[in-house]
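This briefing is intended for a reader who has the sequence and the coordinates to hand. Please consult both while reading the points below.

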Amino acid sequence: MSDSMFKLQLLARSELALTQIRTRRAVSKSTYIAFSLVLFLLGIGMLNVAGFLALEASFSPANSALIIACANGIGGVIVLLLSQKAGPSENEERMAKEVREMAYRELNEDVNDVKNRLENLAQEVSNIGEDISRATGVLRFLLGLLKK
């Protein structure tokens, strides 16, 4: 297998690894968020009723409802902040990105090398064409002398 094919395979594998890492992270975060929402919705009703009834003895019904709503909001924010840390580590993603960038650089160097070789080949073909043109000119001159 050629070196360029290995680099292309390495590039493809690093892209696949990055996609898998991102997918696992998204699935993990989504799972935590969905689970937290289910628990939140199940518990919020009973918690709200119990809290409201407990606070209603000390505060007005409006103030009791406001306190319960604020507590619900704080709980939701805490769960969402916890979900941000879920999933694969960022070091794993960083390593896959480094491999991808290395493969891109190597492929770019290979492409530039092939480009330079083709330019050199084109120049050599052009030089050969000029040499043949000169040689045919000399041959015509010599044939012209022989004809006389």
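The model is a predicted one. The protein contains three helices and zero strands, and its elements follow one another along the sequence as α-α-α. Its radius of gyration is 37 Å, well over the 15 Å given by the globule rule for 148 residues, so the protein is more spread out than a compact globule.

**Overall form**

- Taken along the principal axes, the box filled by the C-alpha atoms of the protein is roughly 130 × 30 × 20 Å.
- Among contacts in the protein with a separation of 6 or more, 81% are accounted for by residues 24 or more positions apart.

**Surface, burial and charge**

- Buried residues make up 15% of the 148 residues of the protein.
- The accessible surface of the protein amounts to about 11400 Å², and carbon and sulfur atoms contribute 67% of that area.
- The protein carries 17 positive and 16 negative side chains; the centres of these two sets are 5 Å apart.

**Helix α2**

- Helix α2 spans residues 61–83 and has 23 residues.
- From its first C-alpha to its last, α2 reaches 33 Å, close to the 33 Å expected at 1.5 Å a residue.
- The residues S64, I68, N72 and S83 are buried in α2.
- The cover over the buried residues of α2 includes α1, which comprises residues 3–56.

**Helix α3**

- Helix α3 covers residues 90–147 and has 58 residues.
- The distance from the first C-alpha of α3 to its last is 85 Å, close to the 86 Å expected at 1.5 Å a residue.
- Buried positions in α3 are E93, A96, R100, A103, L107 and D110.
- As part of what covers these buried residues of α3, α1 is again included.

**Residue N127**

- N127 is located in helix α3.
- The relative accessible area of N127 is 32%, so N127 counts as partly exposed, given that this class lies between the 20% limit for buried and the 50% limit for exposed.
- N127 and A12 are 115 residues apart along the chain, and their C-alpha atoms are separated by 41 Å.

Conventions
Residues are numbered from 1 along each chain as its sequence is written. This is a predicted model: local features need pLDDT of at least 70, side-chain atom pairs count only at pLDDT 80 or more; totals for chains, interfaces and linings use all residues. Side-chain values use heavy atoms; hydrogens and water are left out. Helices (H or I, at least four residues) and strands (E, at least two) are DSSP runs, numbered from the N terminus. The radius of gyration is taken over C-alpha atoms; the globule rule is 2.2 Å times the number of residues to the power 0.38. Buried means under 20% relative accessible area, exposed over 50%, partly exposed in between (1.4 Å probe, protein chains only). Contact means heavy atoms within 4.5 Å. Accessible areas come from the Shrake-Rupley method with a 1.4 Å probe; for residues, only the protein chains shown count as cover. Lys and Arg count as positive and Asp and Glu as negative; His and the chain ends are not counted. The place of a charge is taken as NZ of Lys, CZ of Arg, CG of Asp or CD of Glu. The expected span of a helix is 1.5 Å times one less than its number of residues.
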